[in-house]
Amino acid sequence: MAVNVKEYDGNVSNNRHNELTHVTQRLRRVLSKEVDVSVGHQQFLSDIILEAKALLNVSRVSVWLFDDVTNPEKLVNFANTDWEGVITGPLPELTVLDYPNYFRAIVNGETISACDAITDPRTKEFTEGYLIPQQICALLDTAIFQNGLAIGVVCCEGRFEPRDWLQWEVVAAELIADCCSRRLLVHELWQMQQRLTEMAFQDVLTGLKNRRYLMDYARSEMSRHQRSDRPLSLLMIDLDRFKLINDEYGHDGGDEVLKQFARCCNELVRTEDCVCRLGGEEFIILLPETEVAKAMNVAQRLREEAAGLTVQYEGKAIRFTVSIGVADVNLHMPFSQSLKAADQAVYQAKAAGRDQIKLAL
Ligand SMILES: Nc1nc2c(ncn2[C@@H]2O[C@H](COP(=O)(O)OP(=O)(O)OP(=O)(O)O)[C@@H](O)[C@H]2O)c(=O)[nH]1
């Protein structure tokens with residue numbers, strides 16, 4: 001095969017190769033952080049567009065997201081190299097009514113490499129209000145996709161004179177938009193996972209922690225208290241004659257009592273105390289750094305609070321009492337043993353006439 005050696009310029013080729021290697025190295029380093037959720041997603045997008053700004057040698061880069069992917073009416077500015085860090089107040093917006101051609105192009109997923117933004121049919125609608133006052137001449141805007149749909153856009157703005165966008169610049173801008181897309185997806189998945197974890201450890205009715213959480217939490221608190229040699233106490237609380245409440249006011253009336261009692265427990269104890277609903281009308285409060293005599297005082301306050309509480313339900317006033325078992329958590333036995341001891345104390349409180357507190361022996 002004939003090779004036209006005259007057209008081959010080793011220096012040009014080497015320079016271009018070095019330039020591209022440099023570009024891809026920088027991009028790959030940024031891309032590697034896209035699954036790191038320890039950095040907020042808005043912060044990540046701000047970091048990556050700062051990188052894009054330097055890489056593409058432009059005056060500003062911003063990320064805009066559609067308000068509604070299936071029927072977009074607005075693009076909301078989510079990150080901007082002109083901002084210092086992230087902003088929490090109302091974010092700037094562009095509307096489809098003001099910029100219909102631009103919106104159409106982005107929704108279609110076009111990459112707008114406008115060498116002269118004032119004449120490009122997709123961007124000239126920005127001329128009076130934005131391009132001329134800001135002296136912006138060239139735009140390189142690439143859609144951010146998710147599941148095949150455009151969900152937003154990364155905008156790169158060049159000032160002062162029109163500019164022919166090089167092919168690698170377009171590719172680099174598209175890579176950055178794809179990276180934004182993946183980071184936004186990671187954020188969504190992470191939020192979903194957070195929510196699922198929360199749900200797995202939460203009692204749906206009262207919003208308190210559930211039995212699963214209690215068992216995990218107790219295990220870690222026990223080892224922490226063993227190390228520090230500090231006391232750990234627990235209250236087991238059982239609502240008295242709850243079946244009668246359900247019978248008289250209905251299941252929903254009973255639920256209302258459980259919810260209000262849960263709120264009452266939360267208000268009464270310290271933030272570091274762990275309030276859980278074990279199930280039914282049974283609650284546990286784990287009291288870190290608390291010896292049993294102090295736990296008895298907490299139990300006494302809680303018993304009095306419950307006895308004084310009136311739950312309003314469908315125009316009726318529901319009153320109730322609680323029986324409480326108090327136990328010193330034995331740090332050298334399985335937690336289930338301490339639960340059993342507290343349960344026996346509750347049983348004694350019930351046997352003694354209810355609305356009582358008993359200390360587990
Ligand atoms: N409303 C409501 N009731 C519940 C829930 N979970 C359990 N219960 C009811 O709580 C009642 C508990 O009744 P029992 O175990 O007989 O105890 P009690 O009536 O409180 O009597 P003592 O414990 O002996 O004072 C049952 O009727 C359960 O159906 C719930 O989530 N909501």
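Here is a short tour of a predicted model, stop by stop.

**Stop 1: a helix pair.** Select residues 41-56, which are helix 2, and residues 167-200, which are helix 5. Their axes come within 10 Å and cross at roughly 175 degrees. Angles over 145 degrees count as roughly antiparallel, so helix 2 is roughly antiparallel to helix 5.

Now show some side chains. On helix 2, the contact includes His-41, Phe-44, Leu-45 and Ile-48. On helix 5, look for Ala-172, Ile-176, Cys-179 and Arg-183, among others. What kinds of residues make up this contact? They divide into twelve nonpolar, two polar and two charged.

Stop 2: Move on to an open sheet of five strands, with the order 8-9-7-12-13 and mixed pairing. Which strands are at the edges? Select 274-279 for strand 8 and 357-359 for strand 13: each of these pairs on one side only. Averaged over the sheet, and ignoring direction, neighbouring strands are turned by 20 degrees against each other.

**Stop 3: two neighbours up close.** Pick strand 7 (residues 232-239) and strand 9 (residues 282-288). They run antiparallel, and seven bridges join them. To find one of the partners, click Leu-235, then look across to Ile-285 in strand 9. In general, strands of a sheet pair through backbone hydrogen bonds.

Definitions and conventions:
Residues numbered from 1 in each chain as written. Predicted model: local features only at pLDDT ≥ 70, side-chain atom pairs only at ≥ 80, totals over all residues. Axes fitted to C-alpha atoms, helices over the stretch in contact; angles between N-to-C directions. Helix = DSSP H or I, 4+ residues; strand = E, 2+ residues; numbered from the N terminus. Parallel < 35°, antiparallel > 145°, perpendicular 65-115°, else oblique. Contact = placed C-beta atoms within 7 Å. Nonpolar A, V, L, I, M, F, W, Y, C, P; charged D, E, K, R; others polar. Pairing = 2+ DSSP bridges.
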